[in-house]
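Morning, everyone. I will go through one structure today, chain by chain. Please have the sequence and the model open.

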Amino acid sequence: MNTVHTPVNPFSLSSFDVERIRADFPILQLAFNGKPLVYLDNAASSQMPQPVIDRLVRYQTSEHANINRAVYTLSEIATSEYEAARRKLQRFINAPEEREVIFTSGTTDAINLVMHGYGRKFIKTGDEIILTTLEHHSNIVPWQMLAEETGAKIRVVPINDAGELLIDEYENLFNERTKLVGVMHVSNALGTINPIKQMIAFAHSHGVPVLVDGAQAVPHLQVDVQDLDCDFYAFSGHKLCGPTGIGVLYGKAALLEKMQPFKGGGDMILSVTFEKTTYNTIPHKFEAGTPPIAAAIGLGAAVDYLLAIGMDAIAAHELELLNYATEQMTRMQGVRIIGTAKNKASVISFSVDGVHPHDVGTLLNQEGVALRTGHHCAQPVMLRFKVPATSRASFAFYNTLTEVDALIAGIRNVQKVFT
Amino acid sequence: MANYKALYQEVILDHNKKPRNYGTLAHASHHAVGHNPLCGDHISVALNFDRDCIDDIAFQGESCAICKASASMMTVAIKGKSRADAEILIQEFLAMTTGKLDLESPNHIGRLAVFAGVCDLPTRVKCAILPWHTLQAAFNSVATTSIRS
């Protein structure tokens, strides 16, 4: 492992230098089963570059104390770095105000926050929530829990055979009882990029707010919450080269202000007596207890790292990987790509004829190729395509065309073993 | 490393391709369905006793090669055995696939030893033991079972 580290210099990246970027990721230098690691499970979790690791170490070795409380210097440093991370995330998604950026433990936590804070206050018996077939379980189950509790109804937007939302059907679902739309920006199972800007505009024309699950979008696309005009946008740090246990909920201030708190505890209050508690202002109202300070600061560093490379450069390289892999796999007999939307992020779900995805996964692992097999926490999608599970390769900006070749060779080996 | 190779060897691939005793029994005395919630795989096992002897056994379901071959070879191994002997084999198979069976000491594993390598693949152990777990449930007249329980 390198002890001396030269971080990526944004000005040297006029052409995308993937080998230089890979050198920043210690884990990508490892080998498994005697083969170099080909890490293609980035939609599940991405790897962490040295500058982010270094930032975590620096925080723990010289900046750590609890935040928002004490008057000593160390606590002031920790508080100021935590809030600086919030501003980095604010800029990353172009949120109008920093108080609209709430640190959560991840996307699931962020969606649950909206369910408890907004849903339980404003959604009543007979009201309707629109979700889509593509949703991850994390944007289904909280709303089912709410529906069970309140008697609200869930309506589901169907998809076509390519894995694209049927927008006409979406628009037909609206009525005077529609209270919220929950939609993922990019499908984790299929890679489909949904036309959320158009969907948000339509929902707003009916006065309905929209929650976007952006977990799979922020690592691949430049996200601008003002341009999208979404009401809530949720994402996770660990899919963004940051640590686990940290995520973000962006919410429009006017909505966040009128929501009830999700978790009660320290920091989310202004004053507490046994007669009456006054809640803190946003975002603190939604950040009860000591937050994951180190993780938030690490996520701030991760965002700096990605922006230094440039989200446009990342998207362009990933598109090259996606197109190359799609072209190769389309030509393979007995391999079927599931999810062929026109507008896709760098995710390929596929099945190999006559071979169960778990056997594909085990045999690819033998070749050093790490990918995900299973239902991808999107069982309604699997049901729609009548498969119990798929194999899924998901590419990040640090993957290479050579790694796509390793995947293709691995799939050929699977087919050979099973002939 | 050698274990992957050992796992996907001829005998397992053959049972996956041409599973023995695949199907259902018209009048099963014992029957159970087993689920692997990790992957959504499921198999059903049906059997008939003639006095104390397992006269007939069949399985079917949706599963990976490891699970299907395990089920197929299980039916071959169990057919004609007494319930007591079958239960000993279930225990030995579970012990082997979790690395707790000494294959050098006397046992009844026989050809099922091809599954020994699965103990080094923690994520795949459940695939191999699902049929056996389901067979035990059928013996105990538990209609549905899940590998996590």
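This is a predicted model: local features need pLDDT of at least 70, side-chain atom pairs count only at pLDDT 80 or more; totals for chains, interfaces and linings use all residues.

Start with helix 2 of chain A, residues 50-62. The face of helix 2 of chain A that is turned away from its buried side carries four exposed residues by that cut-off: Val57(A), Gln60(A), Thr61(A) and Ser62(A). What is buried in helix 2 of chain A? Val52(A), Arg55(A) and Tyr59(A) are. Looking down the axis of helix 2 of chain A, you find the buried residues within an arc of 55°, so they line one face of the helix. The buried residues of helix 2 of chain A pack against helix 3 (73-92) and helix 10 of chain A. As for length, helix 2 of chain A has 13 residues and reaches 18 Å from its first C-alpha to its last, close to the 18 Å expected at 1.5 Å a residue.

Next, helix 11 of chain A, residues 311-330. Helix 11 of chain A has 20 residues and spans 28 Å between its first and last C-alpha, close to the 28 Å expected. Its buried residues are Ile314(A), His317(A), Glu318(A), Leu321(A), Leu322(A) and Ala325(A). Why do these residues count as lining one face of helix 11 of chain A? Seen down the axis of helix 11 of chain A, they fall within an arc of 140°, so they line one face. On the face of helix 11 of chain A turned away from that buried side sit the exposed residues Asp312(A), Ala316(A), Glu327(A) and Thr330(A). The buried residues of helix 11 of chain A pack against several elements of chain A, including helix 10 (293-309), strand 14 (347-352) and strand 17 (390-394).

In chain A, four strands form an open sheet in the order 13-14-17-16, with antiparallel pairing. Its edge strands are strand 13 (335-338) and strand 16 (372-374) of chain A, each pairing on one side only. From one strand to the next the twist averages 30°. Strand 16 and strand 17 of chain A are joined by three bridges, and Thr373(A) stands opposite Ser391(A) in strand 17 of chain A.

Now chain B. Here too there is an open sheet of four strands, in the order 3-2-1-4, and the pairing is mixed. Which strands are at the edges? They are strand 3 (53-62) and strand 4 (144-146) of chain B. The twist averages 20° from one strand to the next.

Take strand 1 of chain B, residues 30-36. Strand 1 of chain B is mostly covered, with five of its seven residues buried. With strand 4 of chain B, strand 1 of chain B pairs in the parallel sense over three bridges, and Val33(B) stands opposite Thr144(B). With strand 2 of chain B, strand 1 of chain B pairs in the antiparallel sense over seven bridges, and His35(B) stands opposite His42(B). Strand 1 and strand 2 of chain B form a hairpin with four residues between them, and Gly40(B) in the turn has a positive phi of about 85°.

Two helices lie across this sheet. Helix 3 of chain B (65-78) lies across strand 2 (41-50) and strand 3 of chain B, at about 170° to strand 3 of chain B. Helix 5 of chain B (122-139) lies across strand 1, strand 2, strand 3 and strand 4 of chain B, at about 150° to strand 1 of chain B.

One residue in a loop: Pro19(B), between helix 2 (10-17) and strand 1 of chain B. Is Pro19(B) buried or exposed? Pro19(B) is buried, because 20 other C-beta atoms lie within 10 Å. Leaving aside neighbours within four places in sequence, Pro19(B) is in contact with Lys68(B) and Ser72(B). The C-alpha atoms of Pro19(B) and Ala71(B) are 8.2 Å apart, although 52 residues separate them along the chain.

Last, the contact between the chains. It takes 14 residues from chain B and 14 residues from chain A. On the side of chain B that touches chain A, nine residues are nonpolar, two polar and three charged.

Conventions
Residues are numbered from 1 along each chain as its sequence is written. Chains are lettered from A and ligands numbered from 1 in the order in which they are written. Two residues are in contact if their C-beta atoms, placed from the backbone, lie within 7 Å. Ala, Val, Leu, Ile, Met, Phe, Trp, Tyr, Cys and Pro count as nonpolar, Asp, Glu, Lys and Arg as charged, and the others, Gly among them, as polar. The expected span of a helix is 1.5 Å times one less than its number of residues. A residue is buried if 20 or more other C-beta atoms lie within 10 Å of its own, exposed if 12 or fewer, and partly exposed in between; C-beta atoms are placed from the backbone. The arc is that of the directions from the helix axis to the C-beta atoms. Two strands pair if DSSP finds at least two bridges between them. Axes are lines fitted to C-alpha atoms, for helices over the stretch in contact, and angles run from 0 to 180 degrees between N-to-C directions.
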